[in-house]
Amino acid sequence: MTPFPLRFRTLRTRVTLWYGAIITLCLLAYSAAVGLTFESHIEAELDRRVHEDIELAGRALLVDEAGRPSWPGGILGKNVDEEEGGGHWIEIWNVAGERVLATGTIDPPPVAARPEASRGAQSMEVEGGYVRVMTESVNVKDSRFLVRAAVSEAPSRRQVRKLWLELAGITATVLVLGGLGGYALARRLLGPLGRMAEHARRITAEQLHERLLEERSGAELDQLREAFNDTLARLERSFGELRRFTADASHELRTPLTALRSVGEVGLRGARSNDDYREVIGTMLEEVDRLSRLADELLTLSRAEAGQANLRKEPVDLGAVGAEVVERLAVLAEERGQRLECRAEEPALVRGDRLALRQALMNLVDNAIKYAPDGSCVLVAAGTRAGRAFVEVRNEGPGIAAEHRERIFERFYRVDAGRSREMGGTGLGLSLVKWTAEAHGGSVELDTGEGGSTFRLVLPAG
Ligand code: ADP
């Protein structure tokens, strides 16, 4: 399909063209109806007049003893309408086919050898234009005659032509005025759209706080502006989060790097024993370990957010995963003198990615061990409730204050950053847990208070 030429592509031009086309069609239909009705009305009027002439002539006809017809003087004088070139012609024919009487003020219609009585009137061309002709038979005193009458069509034709010209004039005027009006209206209505586009074009990533200005331009355009402003607000929020995340990530990376550097520098200062070097290298490896954990978590999170995590959908028993994680982290709990237990009396089946769910539960159990007091008890339990499967991790401790409850799921948010780092935390654990739960169509619940905290992963049972 050939594209619209550029100048026809603007909405304004297209609205005007459509508008003009519709007006033209309506006006043409209206003019045709008016003109044709007028024409048939005029024709009927002519027929009536020619018929009247025949009646008048028949009534005025006298026949003498010899059977010769005659008119008393001036029969047409009473009826002739000479106005605006109009005129009549009347003639009488006998049965022998001879024209016996004729009178009129216009050129007669061409002589028909023997006119026949006609049903209706007909148009006929004569020297001076067109005439309407009709023939009827009349009986006077047992003699039969044919009366043929003609009326000039000139005034009627003039009237019809005048009406057609007037209709054409009105159509053209309305079309021009309507077109101009339509264009002006479209321009006025669509003006704000152009201004909005112009303004939107000027908004760059650095000016995401800007909004399209309020302008009274109709509900549809207001909706468009609101939708665009909402999009801007969302973009601004996302950009803000991204900037914060980048800043936080750089900060997190810098801490172990600084530690590495200073431990290295201290190690190089002066001669040391082998044991000293071993210790320095050990500390450095710990920092490297933290760095690689951070890098791993950042990568997982960014993959997850970019939608590239490719989660599998396989049947997973959350109780079994809980038992596995408990077994894996038992050493950490032991170091702190804690009792780590898993209770899963009934199967808690879900459909999901086993590895991702295991990692999420590891983060929860790891946190519980980190933030619960030495010698306390950490409990992992799984089951189903109200058609949903869950696995929860309960630990003792002072609980999490209300102001932190929502925020601990944000990336890099920690209640006590120093303590978290000291325990090897990256601040990303809970955000990964939250993402995993949501990617499986579930959520993370948190019950926390004086006695401790419970983090619960709730997923659709499958
Ligand atoms: P981190 O690597 O610091 O543990 P997380 O995202 O896993 O990062 O947790 C965020 C913060 O939430 C932690 O720094 C800690 O302050 C708090 N938190 C997490 N789990 C618990 C818990 N079981 N008890 C008390 N506080 C917790």
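**Exercise 1. Count the salt bridges, then take apart the one between R225 and D222.**

Step 1. A salt bridge here is a side-chain nitrogen of Lys or Arg within 4 Å of a carboxyl oxygen of Asp or Glu. That rule gives 31 salt bridges. Bear in mind that the model is predicted, so local features need pLDDT of at least 70 and side-chain atom pairs count only at pLDDT 80 or more, while totals for chains, interfaces and linings use all residues. Residues are numbered from 1 along each chain as its sequence is written, and side-chain values use heavy atoms, with hydrogens and water left out.

Step 2. For R225 and D222, the closest N and O atoms are 3.0 Å apart.

Step 3. Now place them: both sit in helix 3 (residues 219–268), 3 residues apart, about one turn of the helix. Helices (H or I, at least four residues) and strands (E, at least two) are DSSP runs, numbered from the N terminus.

Step 4. Check the cover. Buried means under 20% relative accessible area, exposed over 50%, and partly exposed in between (1.4 Å probe, protein chains only). R225 is buried because its relative accessible area is 2%, whereas D222, at 24%, is partly exposed.

**Exercise 2. Which parts does the salt bridge between R414 and E252 tie together?**

Step 1. The closest N and O atoms of R414 and E252 are 2.7 Å apart.

Step 2. R414 lies in the loop between helix 7 (402–405) and helix 8 (417–422) and E252 lies in helix 3, so the pair ties together parts 162 residues apart in sequence.

Step 3. Both R414 and E252 are buried.

**Exercise 3. Where do E324 and R354 lie, and how exposed is E324?**

Step 1. The side chains of E324 and R354 form a salt bridge at 2.5 Å, N to O.

Step 2. E324 is in helix 5 (residues 318–335) and R354 in helix 6 (residues 354–371); the pair links distant parts of the chain, 30 residues apart.

Step 3. E324 is partly exposed, with a relative accessible area of 27%, and R354 is partly exposed at 30%.

**Exercise 4. Describe the surroundings of S376.**

Step 1. S376 lies in the loop between helix 6 and strand 11 (377–385).

Step 2. At 5% relative accessibility, S376 counts as buried.

Step 3. The S376 side chain reaches the backbone oxygen of P373 at 2.7 Å.

Step 4. Leaving out residues up to four places away in sequence, S376 touches G337, Q338, R339 and E396 (contact means heavy atoms within 4.5 Å).

**Exercise 5. How many residues surround the ligand, and which are the closest?**

Step 1. There are 18 residues around the ligand, with N367, Y371, S420, G427 and L430 the closest; a residue qualifies if one of its heavy atoms lies within 4 Å.

Step 2. List the polar side-chain distances:
- N367 has a side-chain N or O atom 2.8 Å from a ligand oxygen.
- N395 has a polar side-chain atom 3.1 Å from a ligand nitrogen.
- S420 has a polar side-chain atom 2.5 Å from a ligand oxygen.

Step 3. Helix 6 and helix 9 (429–439) are the elements that give two or more residues to the shell. Helix 6 supplies the largest share, 4 residues.

Terms used. Polar contact = N/O pair within 3.5 Å; in protein donor to acceptor, adjacent residues only side chain to side chain.
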